[in-house]
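User: I would like to go through this structure with the criteria stated beside each label. Please set every value against its definition before you conclude.

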Amino acid sequence: MKQNIPCELIRDLLPLYVDGLTSEASNREIKEHLETCGSCRDRYERMKREMEGEETAARTEKTREIDYLKKVRRRGLQKMFLTAAGMLAAVALGIFVKLFVIGFPVDSYMITYTDVYEDTVHLGGVFYGSAECYSRYRLAEQEDGTQKLVIYGTLPSPWNRDGAFNLEAELPEPGGALEIGGIRILSDGTVISKLAGDLYRAKNPYIGDASADGRLAGALGIGAVLGSYKNELQTSAEPYGWTLNFEDGVSNSAVFEAQMERYACVLLALTGNLGEVSFSYTVETESGPVKRERTVTEQECEKRLGAPVKSFGESPERVQEMLDILGLEGPGM
């Protein structure tokens with residue numbers, strides 16, 4: 001005869017039974033007892049409902065936690081995207097302002113005029129092509145104390161399409177200088193053109209240095225104005241000479257010789273031991289081409305310049321003075 005298990009023992013085992021922790025034998029005994037004992041069965045049902053409620057609550061809480069984490073993540077992604085979009089917008093705005101409003105330093109311009117009136121420098125210029133438009137200028141202090149006028153340009157826009165500029169700047173302090181586009185303006189209002197500065201820097205002490213001769217002639221622009229030529233240097237005895245043999249035919253010999261005589265004075269002034277400059281060319285006449293030759297001496301240039309020709313190579317200011325006398329002008333003059 002099977003002995004019934006007491007309710008007290010069944011009730012002690014119910015928490016384990018509800019959690020599924022009892023053995024198979026115990027499960028059979030407890031199940032048989034619950035089928036015949038209403039009191040224990042009610043306790044079991046109550047415990048089961050409580051456990052299911054706890055599980056449901058736990059699942060609900062976990063779902064809430066997951067939903068919260070998802071919400072936090074979405075907010076984080078939104079914040080990150082908004083921050084990135086803001087940074088990109090700020091960068092784009094900065095680039096836009098730089099390119100179309102503030103501008104950037106530009107060297108691709110030509111000075112068309114320079115004038116000094118009282119204590120003010122008036123100058124104008126124009127940008128090459130249509131890639132930039134004038135925006136503003138500023139004065140930058142150089143290591144040697146010179147003030148450099150820096151031109152700023154912007155990209156063309158509906159509100160700025162002006163490629164020309166006219167501006168004013170104060171003369172530098174005594175002993176100082178203002179530089180713009182290769183032009184140098186001294187405190188007393190003296191304007192030294194880019195041509196004068198380039199020629200002074202190309203000054204050559206010895207006619208036998210063919211490379212230096214080429215740099216000086218190139219700075220003067222002889223070939224660009226009068227056509228191609230070949231050089232002959234005479235360095236065996238004084239007066240040392242430089243002969244330019246022009247290869248292209250000339251239609252107006254008077255104009256050609258007048259220009260070449262001016263160039264000869266500059267070559268004599270800036271080549272230390274050069275004593276005379278000769279040139280040959282072919283002029284087209286009614287009877288056919290005629291070859292002509294001409295020699296320019298130091299004495300001729302001194303008479304024209306009113307001072308020893310070599311003295312005009314002593315400084316950029318003296319070079320400028322010579323160019324003014326000869327009527328040779330550079331950009332912006």
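User: Which residues lie nearest the centre of the largest pocket, and how many residues line it?

Analyst: This is a predicted model, in which local features need pLDDT of at least 70 and side-chain atom pairs count only at pLDDT 80 or more, while totals for chains, interfaces and linings use all residues. Residues are numbered from 1 along each chain as its sequence is written, and side-chain values use heavy atoms, with hydrogens and water left out. The largest pocket is lined by 18 residues, and Asp107, Tyr109, Ile180, Gly181 and Gly182 lie nearest its centre. On a 1 Å grid over the protein atoms alone, a pocket is an open set of points where a 1.4 Å probe fits, with protein on both sides within 12 Å along at least five of seven lines, and a lining residue has an atom within 4 Å of a point.

User: What makes up the lining by class?

Analyst: The lining of the largest pocket has 12 nonpolar, 2 polar and 4 charged residues, where Ala, Val, Leu, Ile, Met, Phe, Trp, Tyr, Cys and Pro count as nonpolar, Asp, Glu, Lys and Arg as charged, and the others, Gly among them, as polar. The largest share of this lining, 4 residues, comes from β5, a strand being a DSSP run of E with at least two residues, and a helix a run of H or I with at least four.

User: Why is His33 called buried?

Analyst: Buried means under 20% relative accessible area, exposed over 50%, and partly exposed in between (1.4 Å probe, protein chains only). His33 has 11% relative accessibility and therefore counts as buried. His33 has its place in helix α2, residues 24–36, and, leaving aside neighbours within four places in sequence, is in contact (heavy atoms within 4.5 Å) with Ile5, Cys7, Ile10 and Cys40.

User: What makes a set of residues a nonpolar core, and which members of the largest one touch the most others?

Analyst: A nonpolar core is a set of buried Ala, Val, Leu, Ile, Met, Phe, Trp, Tyr and Cys residues joined through side-chain atoms within 4.5 Å. The largest has 44 residues, of which Leu199, Ile222, Leu244, Phe246, Val266 and Leu267 touch the most other members. Its largest share, 10 residues, comes from α7. A second, separate core of 19 residues includes Tyr109, Ile111, Leu171 and Leu178.
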